[in-house]
Amino acid sequence: MKTQLNDLLEKPHQGQTDYTAKDFKPNVDVRWCAGCGAISVLSPSQRLMPELGIPKEKIAYISGIGCSGRFPYYMDTYGFHSIHGRALPIASGLKIARPDLSVWVVMGDGDNMSIGGNHFIHTCRRNVDLNVMMFNNEVYSLTKGQYSPTSHRGQITKSSPLGALDDPFNPAALALGAGATFVARGHDKDRTKLHDLLKRAYEHKGVSFVEIYTNCRIFNDGAFDLYTSVETRDNYTIELEHGKPLVFGKTRNKGIILDGYTPKVVNLDQGEYSINDLLIHNEKDSTLAFILANMTYSEELPRPMGVIQAVQRASYEERVVNQIEHEIVTKGEGDLQSLLTGESSWLV
């Protein structure tokens, strides 16, 4: 049934799809700090939108609270800056009501892993067709530098002057454990690869979770330098490619083998191992995905970047539609008045 809201959403662009990246840049000043990693996520997002070939009125960005919460202001699409930790329920409701929309969710590590944590695991479990971008800077930035659920044990922050006592959440492992069907990781220093990851997220049917390392210059500057700077990242990260061996290093002379279920680094220069001995990445292998995700905080292993898992199962909104259609077929069209009065009613 067509509603006034449909008319409001569909009129402004009338189905136009011939866009450039400039069409997604609103006429507002970006108010993130100079050098903020979040700025580096804007450009890939604005470049991606014209490639999707969908009109603006079919795109919505939903955010929670935190520095990342301003993201919808900087994308010339529909958007909603919601409340702390509640972006996912709002986005889920929107997607279920309007499955034709491309819904993107932007949250920070504090927003998503703390107050929004319960919503996150259930969104993953339900497999709602949302594209979730989590900006991870391992600290609360907007509220001036308290430690977050992804801060490391011993990390000095405004609220942990003697060092944080908690062990950090592993967002990728948490997403996999909760049932997310697409899990990936990228960072703000490589916009090309980030663009490709976001495109893969869009193409995936079901929940897509992309953890993005974003540097916070003010409260946690350089937290990811080892994994993102040109000088060191080849030796400390491994780029995952489906069907390709897990090889890394500045001269690509190191690789990963499995010792039982335990990943182990081997040197390809010493003659004992060749590239044919290395573990082959398989995005469809959930057991391998957990192994890769659990490499995250190992000091001996490189940190995986790219698509960790991409598997398929029915999305939540598909199940909703199928269930409603089944009920209509078996019981006929419903009657609201009958529903309200029920089988027995009385006057007071």
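Predicted model: local features only at pLDDT ≥ 70, side-chain atom pairs only at ≥ 80, totals over all residues.
Let me start with R185 and E211, whose side chains form a salt bridge with the closest N and O atoms 3.1 Å apart, a salt bridge being a side-chain nitrogen of Lys or Arg within 4 Å of a carboxyl oxygen of Asp or Glu. This pair links distant parts of the chain, since R185 sits in strand 5 and E211 in strand 6, 26 residues apart; strands here are DSSP runs of E with at least two residues, helices are runs of H or I with at least four residues, and both are numbered from the N terminus. R185 and E211 are both buried, where buried means under 20% relative accessible area, exposed means over 50%, and partly exposed lies in between, with a 1.4 Å probe and protein chains only.

Residues are numbered from 1 along each chain as its sequence is written, and side-chain values use heavy atoms, with hydrogens and water left out.

How many salt bridges does the structure hold? There are 16, and those that share partners join K95, D129, K205 and E317 into one network. Because D129 lies in the loop between helix 5 (117-126) and strand 4, and K95 in helix 3, the pair ties together parts that are 34 residues apart in sequence. D129 is buried at a relative accessible area of 10%, and K95 is buried at 3%.

Another salt bridge brings together D100 and K58, at 2.8 Å from N to O. D100 is in the loop between helix 3 and strand 3, and K58 in the loop between helix 2 (39-52) and strand 1, so this pair ties together parts 42 residues apart in sequence. D100 counts as partly exposed because its relative accessibility is 41%.

Turning to the sheet, we have an open arrangement of 8 strands in the order 2-1-3-4-6-5-11-7, with mixed pairing, two strands being counted as paired if DSSP finds at least two bridges between them. The edge strands are strand 2 and strand 7 (237-239), each of which pairs on one side only.

Which way do the side chains of strand 4 point? N131, M133 and F135 point one way, V132, M134 and N136 point the other way, and all of these are buried. Strand 4 runs parallel to strand 3, with 5 bridges joining them, and parallel to strand 6, with 6 bridges. M134 is the bridge partner of M107, and M134 also stands opposite E211 in strand 6, which brings us back to the residue that forms a salt bridge with R185.

Finally, the surface: I65, I83 and L142 form a nonpolar patch with about 260 Å² of accessible area together. Such patches are made of residues with over 30% relative accessible area and no salt bridge, like charges being joined within 9 Å and nonpolar side chains (Val, Leu, Ile, Met, Phe, Trp, Tyr) within 5 Å, and accessible areas come from the Shrake-Rupley method with a 1.4 Å probe, with only the protein chains shown counting as cover for residues. I83 is found in the loop between strand 2 (78-81) and helix 3 (87-97), and at 55% relative accessibility I83 counts as exposed.
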